[in-house]
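This report describes a single protein model. It treats the sheet, the ligand shell and the nonpolar core in turn.

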Amino acid sequence: MPAELCELTVHIDTGRWNETVLDAVDLVVPDGKITALLGESGCGKSMVAAALTGSLPDSARSTGQVRVDGEPVRGQREWRRLHGGTVGLLPQDGVTAFRAEDTVGAQLHALEDRYRRWSFDRACASAWYPTELADLYPHQHSGGQIQRAALAAALLPEPRVLIADEPTASLDTQTAYGIWAALRRYADAGAAVLVITHDVPMLTSAKIADHVALMRGGKVIATGGLTDLAALDDPYVRGFFQPNGC
Ligand SMILES: Nc1ncnc2c1ncn2[C@@H]1O[C@H](COP(=O)(O)OP(=O)(O)OP(=O)(O)O)[C@@H](O)[C@H]1O
């Protein structure tokens, strides 16, 4: 079930400040593939995640389309129907995936009971979430622990489109590799997977992503295979693949 942004422009007006955060973005997240989304801080990557999961801020106004399985999604009622089993989000800040007042384990078990797709044990193992932490409240987890718990939460409904916003940001290399491998297996089982990441060394060494889209200033400026993008003769692109930019 592919997810797409078609000429999507998102403008944010908070009353005191306004900005075009996505500018005519075209992006396809195809079935059975991992698409990696890269770009400098603040360029709009999390806005792409929000647009693909119907969670843009209230202050956002958009033109263009978001399509899931070829069909335009319009309005919060449709998004509520798609959340969970069709479209899942691992947010950049994993703690926001949980209510503060219940333990993480209780919330993961509630998702298991609600969707009856993946088991608690399977989701925790895939997300590398240590189940001995499950009796803790969200704020009692470290950044890397709660991110893995949030990945387990995103996997439990077995969404056909999975958007993961910096799933490995707070993780050691070995655990990060395990998460990438889990995402690879998830895509190989047929899901459309978009991974937002700054972890270019892992991306290039593990070669786990199928496609890369590169953003700058609210636009997607290049898409393609990792090798093709890394070979582009552009200082901004080179800056991502070679730390000294040459
Ligand atoms: N909730 C919000 N309300 C208003 N503006 C926002 C909100 N979230 C983000 N923005 C703005 O949207 C723009 C894009 O932010 P976004 O979070 O998508 O960047 P990003 O590429 O994910 O950055 P990073 O790599 O630092 O996480 C930024 O200018 C930011 O200030």
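Two strands are taken to pair if DSSP finds at least two bridges between them. In this predicted model, eight bridges join strand 1 (residues 3–13) to strand 2, and the two run antiparallel. Within strand 2, Val-28 is the residue that stands opposite Glu-4. An open sheet of four strands has the order 2-1-4-5, with antiparallel pairing. Its edge strands are strand 2 and strand 5 (71–72), each of which pairs on one side only.

Helix 1 gives the largest share, three residues. Of the 15 residues around the ligand, Ser-41, Lys-45, Ser-46, Met-47 and Pro-57 come nearest. The composition of the shell by class is tabulated below.

| Class | Residues in the ligand shell |
|---|---|
| Nonpolar | five residues |
| Polar | eight residues |

The largest nonpolar core has 75 residues, of which Val-48, Ala-51, Ala-152 and Val-193 touch the most other members. Helix 5 (residues 143–155) provides the largest share of this core, eight residues. Both domain 1 (20–86 + 160–171 + 182–246) and domain 2 (99–158) give residues to the core, so it lies between them. Leaving aside residues up to four places away in sequence, Ala-152 touches Leu-108, Ala-123, Cys-124, Ala-127 and Tyr-129.

Conventions:
Residues are numbered from 1 along each chain as its sequence is written. This is a predicted model: local features need pLDDT of at least 70, side-chain atom pairs count only at pLDDT 80 or more; totals for chains, interfaces and linings use all residues. A nonpolar core is a set of buried Ala, Val, Leu, Ile, Met, Phe, Trp, Tyr and Cys residues joined through C-beta atoms within 7 Å. A residue is buried if 20 or more other C-beta atoms lie within 10 Å of its own, exposed if 12 or fewer, and partly exposed in between; C-beta atoms are placed from the backbone. Domain bounds come from an automatic or database domain assignment. Two residues are in contact if their C-beta atoms, placed from the backbone, lie within 7 Å. A residue is near a molecule or strand if its C-beta atom, placed from the backbone, lies within 6 Å of it. Ala, Val, Leu, Ile, Met, Phe, Trp, Tyr, Cys and Pro count as nonpolar, Asp, Glu, Lys and Arg as charged, and the others, Gly among them, as polar.
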